[in-house]
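Here are some friendly notes to read with the structure open beside you. Take the points one at a time, and find each residue on screen before moving on.

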Amino acid sequence: MNVILYDTKGVLKKYMASSELFCNARTTCFDADRRTVTLLLHGDQITIELLSFSDNKEIISKAANFLCSRQLKSNLLASNKIEAVYTDTDLLNALKMAGCGGLQPDLLLVYGPARCHLGFPAWRLRYTEIMYMGPLKSMKHGAIVKAIYDFSNRNKN
Amino acid sequence: MDIKMKYKRENNSNSRSSIFGKIWFSMRMFLFSVLSFGPLPAHIAFIMDGNRRYSKKHNVKQGSGHNVGFSALISTLQYCYELGVKYVTVYAFSIENFKRKPDEVQSLMNLLKEKIDEMLEETSVVKEYGIRINFWGDLNLLTEPVRLAAKKAMAVTAENTGPVLSVCIAYTSTNEILHAVQESCAEKNNCMDVGYSNGCINSSEGLVSVADLEQHLYSASCPEPDIVVRTSGETRLSNFLLWQTSFSHLQNPIALWPEFSLRYLVWSILQYQKAYASLQEQRIRNKKTH
């Protein structure tokens, strides 16, 4: 199972890396840049990815820079200048290299004062169901279970 | 109130010529003047979902749902502009919709051409409000008659100074972002070529920034949407304005698009006004951080 935790300021990224819950070497494994952690809970593997606002437009611009500099280098080496035509796959691969080309979530649960996706990475929000759950302080286990149940029923229909 | 009502119709329409039309118009203006005590959106985006379901629900031919949907669009545009909403964007046809059955796609193309031509007629809402029309999307994917009609509509209304209607056609947000990346890279590569030939540009300069990408989006001339409404109760954005909607209020009324009427628009504005303070706070906080 894959879970993404998103907050605009990146507080979760700073907190999770130092939290005791995620520092247990037996059940936890951080990736190289400490943005993704794999947990073993009751025999199940859960991958948690931590994202923030800077993983949206800035990452897309990094990916664009990668494509642009690659094209520039090939134009310098080639005798004739060729104008590149990029595809979705080219940009997706560039996003992966820039660090944010992971899976698209099926369901996004939004906690906050208003129904708004707050800059969740655009490339990963295309066909995601967005459910508004109310303020963060009202987060309850039962409501999450109900949201997942409603999502499953909707997909069955 | 006069400032908010600046997009009134210039000419009397048939709907207002009758006594009932006049009473309905006056009631609307009163309602809008009450709404204008709170913050009003400058830009509303609509995902017009539910036309086919409307046809099924009312046991009519599939194309009829789209026709009623077009009428709902014209009414909604009129109400938005009377309220003072300057920018309206609608999701008319996604690139993904080309995967539908060929005869359905062709009939939609025919309908689009017919409605674009209708919008340019003398008695249309476009003429009465002086609307400027944009078509956002990869227009090369459209059939030639539709592409030419769209280009004509943009050319004819380019000088209009009234409200702006942007129609997303052969559009997806990821395609728009890819287009912006393509254009930005081409621009930077051209600059670098000139720089290298002059011998005065460092290879690490001239990189693509977020601002460069934003300048090459189709929506560069419009502010970000304040509200995104998707009818039919669906909760997905379906690859619509993903870059531009970071702090937009997302709404999904259960009405099908052909059923979307004034009362749903008023409710939408009221929900926006309730959420306005927190959305503004998020926007300001984000600007300070980034």
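The points below go from chain A to the interface and then to chain B.

1. A word before we start: this is a predicted model. Please keep that in mind as you read each point, since every value below was computed from a prediction.

2. Let's begin with the layout of chain A. You can pick out 4 helices and 6 strands there. Walking along the sequence, their order is β-α-β-β-β-α-α-β-β-α. Chain A has 157 residues, and buried ones make up 43% of them. Among contacts in chain A with a separation of 6 or more, 49% join residues 24 or more positions apart.

3. Now zoom in on A:Glu49, which sits in strand β4 of chain A, a strand that covers residues 44-51. Is this residue buried or exposed? A:Glu49 has a relative accessible area of 13%, so it counts as buried. Its side chain has a partner: a polar contact of 2.8 Å links the side chains of A:Glu49 and A:Arg124. If we set aside neighbours within four places in sequence, A:Glu49 touches A:Val3, A:Ile4, A:Leu5, A:Arg35, A:Thr36 and A:Arg124.

4. Next, have a look at the backbone of A:Leu118. Its phi angle is near 55°, a positive value in a residue that is not glycine. You will find A:Leu118 in the loop between β5 (107-111) and β6 of chain A. With a relative accessibility of 18%, A:Leu118 is buried. The cut-off for that word is under 20% relative accessible area.

5. Time to bring the two chains together. The area buried between chain A and chain B is about 3900 Å², and carbon and sulfur atoms give 62% of it. Three residues deserve a click here: A:Lys57, A:Arg115 and A:Tyr127 supply 17% of the area that chain A buries against chain B, more than any other three residues.

6. Staying at the interface, look for charged partners. There are 4 salt bridges between chain A and chain B.

7. Let's turn to aromatic rings, which form 13 pairs over all chains. In one of them, B:Tyr171 and B:Tyr218 make a tilted pair, 6.4 Å centre to centre with 55° between the planes. B:Tyr171 belongs to strand β4 (residues 164-171) of chain B, while B:Tyr218 is in the loop between α9 (210-215) and β5 (227-230), so the pair ties together parts that are 47 residues apart in sequence. B:Tyr171 is buried at 0% relative accessibility. B:Tyr218 is buried as well, with a relative accessible area of 18%.

8. B:Phe260 counts as buried, at 4% relative accessibility. Both rings belong to one aromatic cluster made up of B:Phe46, B:Trp257, B:Phe260 and B:Tyr264.

9. B:Ser71 is part of helix α4 (residues 62-83) of chain B, and a relative accessible area of 42% makes B:Ser71 partly exposed. The C-alpha atoms of B:Ser71 and B:Pro258 are separated by 7.6 Å, although these residues are 187 residues apart along the chain. The other stop is B:Ser238, in the loop between β5 and β6 (249-251) of chain B. B:Ser238 has a positive phi, near 50°, without being a glycine. B:Ser238 is buried, with a relative accessible area of 13%.

Conventions:
Residues are numbered from 1 along each chain as its sequence is written. Chains are lettered from A and ligands numbered from 1 in the order in which they are written. This is a predicted model: local features need pLDDT of at least 70, side-chain atom pairs count only at pLDDT 80 or more; totals for chains, interfaces and linings use all residues. Side-chain values use heavy atoms; hydrogens and water are left out. Rings of Phe, Tyr and Trp (its six-membered ring) pair if their centres lie within 6.5 Å; planes under 30 degrees apart count as stacked, over 60 as edge-to-face and the rest as tilted. Helices (H or I, at least four residues) and strands (E, at least two) are DSSP runs, numbered from the N terminus. Buried means under 20% relative accessible area, exposed over 50%, partly exposed in between (1.4 Å probe, protein chains only). Buried area is the accessible area (1.4 Å probe) that two parts lose on being put together, summed over both. A salt bridge is a side-chain nitrogen of Lys or Arg within 4 Å of a carboxyl oxygen of Asp or Glu. A polar contact is a pair of N or O atoms within 3.5 Å; within protein, one must be able to donate a hydrogen and the other to accept it, and residues adjacent in sequence count only if both atoms are side-chain atoms. Contact means heavy atoms within 4.5 Å.
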